[in-house]
Amino acid sequence: WAAENKWIVRVIGGKFTWFPSLVCDFKSSNQKLLLLDFKPHLCVVEDPKGMTVRAGAGATCQAVLNKLTPHKLVLASYPADGDLTIGGVITAGSHGS
């Protein structure tokens, strides 16, 4: 639908990005921009016996930790800010959108 109607589609996560063209390039143009925020719709499913976790890219580090904590499990490393998304942490090596 978006491509057929000439919309630009961008996916956002925690909105911690420094990338100005995420939105700024479109303020003065006639292009249509559709921002997709999957963060509220992704859940975390854990497998305590296998000591594994599966999380969508939009899941926050804090959401993952909240699922692991009752099983006395943690992530090996993660940024201090729990609001960062798994996708942003993996992509940028710390955070990004």
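Predicted model: local features only at pLDDT ≥ 70, side-chain atom pairs only at ≥ 80, totals over all residues.
Taken over the protein chain, the pLDDT averages 75, and 70% of the residues score at least 70. The table sets out these mean values side by side.

| Part of the model | Mean pLDDT |
|---|---|
| Protein chain | 75 |

The largest nonpolar core is made up of eight residues, namely Ala59, Cys61, Val64, Leu68, Leu73, Leu84, Ile86 and Val89. At least two residues of this core come from each of two helices, helix 1 (61–68) and helix 2 (86–92), and it is helix 1 that gives the most, with three residues.

Within helix 1 itself, the buried residues are Cys61, Val64, Leu65 and Leu68. When the helix is viewed down its axis, these buried residues fall within an arc of 95°, and therefore they line one face of helix 1.

Ile12 belongs to strand 1, which covers residues 7–12, and Ile12 counts as buried because its relative accessible area is 11%, where buried means under 20%. Although Ile12 and Leu35 lie 23 residues apart along the chain, their C-alpha atoms are separated by 6.6 Å in the model.

Key:
Residues numbered from 1 in each chain as written. Heavy atoms only, no water. Core = buried A, V, L, I, M, F, W, Y, C linked by side-chain atoms within 4.5 Å. Buried < 20%, exposed > 50% of the residue type's maximum accessible area, 1.4 Å probe, protein only. Helix = DSSP H or I, 4+ residues; strand = E, 2+ residues; numbered from the N terminus. pLDDT = per-residue confidence, 0-100. Arc of directions from axis to C-beta.
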